[in-house]
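Biologist: Can you put the model up and take me through the sheet, the rings and the disulfides?

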Amino acid sequence: GYILDDYLRTDSVWILTRNKQFYTTNNEEECAEKCEAERNFNCRAFLFTRKKLQCLTLAENSKMTVTFNSTDAVLYEKIIYLLQCKKGIGMDYRGTEAKTRRGIPCQKWAEKIPHKPNYTPDKHPSAGLEENYCRNPDADESGPWCYTTDPDTRFDYCNIPECEHQCMQCNGEDYHGEISRTESGLECQHWDAQEPHMHGFTPKHFPEKDLKMNYCRNPDGELRPWCFTTSPAKRWEYCSIPHCTTPPPVSGLGSQCLSGKGEDYRGRIATTESGNACQHWNTQSPHRHGWIPGRYPCKGLEENYCRNPDGEKRPWCYTLNSSVRWEYCAIPHCDGAEQGNADVPAQVPLSEECYRSKGQSYRGTTSVTVSGKKCQAWNSMFPHRHEKTPDRFPNADLRDNYCRNPDGDNSPWCFTTDPSTTWEYCNIKRCDEPTQE
């Protein structure tokens, strides 16, 4: 992975530290390499100054010393030293817990009183045996431990919580951790607040997305968890959350038939319901798109098979027909029922498939633009972030990804799923005005 992915970045911050080394580097990546290779001490963080291109590797991080403002500096802290939790048996735990589960203070690893240790910093230089912090240098199945300051208790285990919830699988759509700062160090805005940024991602409207407090989340299928920021100048930003070391759970081989919206469909149908062949997900011709397999490792974007990576009504694909950008696929239902058009509301009047005046009263189910692009759902912020949300326009019927005209434009329109085209008018004809109402 990218070397800076393991660091939390904070702009315009300097930290006071005794143990440091100076280097001259061209960029942050080179400075990170110096931190990784540091042998004078255990490098927990580094400072980089943009003007002087100066690199300082540091033995302390912001949890251990004081910080103050410095306009030109950028602080990068190793995330592993900020996490106060363990993965698995905690051999790589580098937190600062220094007492046992019974509350007894730990003995320093370099000291010999009251207990003469078998594990010392000299014998195990890569085990992180600093100060009197809990560690697991011998791969004990029960997790991190320490020698105690109680002469009657040689060692005991420490109460370190599991932190699989502090890392993310796939694109972090199931991330439920408590990181609440963005990758540049900005504090996250609470999800139930509308200041400084108004938005539609409220706990009330997305109860299943765990939008608690101001924790980073990925409610809309973004590349990774993000949040709105408390800075008026920055609407939103990604968060720096490490990937879990354990692979994501495998749920069988995926479904070979249509169940629900077909998000777990992993069959090999590769033609649309009208017979168009599907475009391979890893190609950008004839249609450019953002659903690149490498970016979405858990969406099953293999070959040119029909998939539903974005919570659409059912599996779909981009087509090899240059005049048809995308179409749904005909996937057999798991219960054996005919697919039909069950997702289209019944009894839609024909008049609904045309619009009158400017189309503000249009309530049809067309979801394709004039150039054939698929519409983005109104309650989604991917690939385009916007203010036209159902809660802000409660009378505009902003359901699913149907074309609407909530703002009095010339005709119904929608945001598109094409990252390069924010919005377009929809492919809906104007109703013939009757001579008599």
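Modeller: What follows goes through the sheet, then the aromatic rings, then the disulfides. This is a predicted model, in which local features need pLDDT of at least 70 and side-chain atom pairs count only at pLDDT 80 or more, while totals for chains, interfaces and linings use all residues. Residues are numbered from 1 along each chain as its sequence is written, and side-chain values use heavy atoms, with hydrogens and water left out.

Biologist: How many bridges join strand 3 to strand 4?

Modeller: Five, between residues 45-49 of strand 3 and residues 54-58 of strand 4, which run antiparallel. Phenylalanine 48 stands opposite cysteine 55 in strand 4.

Biologist: Rings next. How many aromatic pairs?

Modeller: The count comes to 26. Rings of Phe, Tyr and Trp (its six-membered ring) pair if their centres lie within 6.5 Å; planes under 30 degrees apart count as stacked, over 60 as edge-to-face and the rest as tilted. One of the pairs is tryptophan 191 with phenylalanine 228, which is edge-to-face because the centres are 5.9 Å apart and the planes at 70 degrees.

Biologist: Where do tryptophan 191 and phenylalanine 228 lie?

Modeller: Tryptophan 191 lies in the loop between strand 7 (155-157) and strand 8 (226-228), and phenylalanine 228 in strand 8, so the pair ties together parts 37 residues apart in sequence. Both tryptophan 191 and phenylalanine 228 are buried. Buried means under 20% relative accessible area, exposed over 50%, and partly exposed in between, with a 1.4 Å probe and protein chains only.

Biologist: Which residues are in the cluster?

Modeller: Ring pairs link Trp191, Phe201, Phe206, Trp226, Phe228, Trp236 and Tyr238. Tyrosine 238 also has the charged end of arginine 224 over its ring, 4.3 Å from the centre. A charge sits over a ring if NZ of Lys or CZ of Arg is within 6 Å of the ring centre and within 35 degrees of the ring normal. Arginine 44 has its charged end over the ring of tyrosine 81, 5.0 Å from the centre.

Biologist: Tryptophan 413: buried or exposed?

Modeller: Tryptophan 413 counts as buried, at 4% relative accessibility. Tryptophan 423 is partly exposed, at 37%.

Biologist: OK, disulfides. How many?

Modeller: Twelve, counting pairs of cysteine sulfur atoms within 2.5 Å. A disulfide is a covalent bond between the sulfur atoms of two cysteines. Among them is cysteine 134 to cysteine 158, with S to S 2.1 Å. The torsion about that S-S bond is about -85 degrees, so the disulfide is left-handed. Cysteine 134 is in the loop between strand 5 and strand 6 (145-147) and cysteine 158 in the loop between strand 7 and strand 8, 24 residues apart.

Biologist: What is the relative accessible area of cysteine 134?

Modeller: Cysteine 134 is buried at 0%, and cysteine 158 is buried at 9%.

Biologist: Which cysteine is joined to cysteine 216?

Modeller: Cysteine 239, with S to S 2.1 Å. That link is left-handed, with -85 degrees about the S-S bond. Cysteine 216 lies in the loop between strand 7 and strand 8 and cysteine 239 in the loop between strand 9 (236-238) and strand 10 (316-318), so the pair ties together parts 23 residues apart in sequence.

Biologist: And what about cysteine 278 and cysteine 317?

Modeller: A disulfide joins them, S to S 2.0 Å. The torsion is about -75 degrees, so that disulfide is left-handed. Cysteine 278 is in the loop between strand 9 and strand 10 and cysteine 317 in strand 10, 39 residues apart. Both cysteine 278 and cysteine 317 are buried.

Terms used:
Helices (H or I, at least four residues) and strands (E, at least two) are DSSP runs, numbered from the N terminus. Two strands pair if DSSP finds at least two bridges between them.
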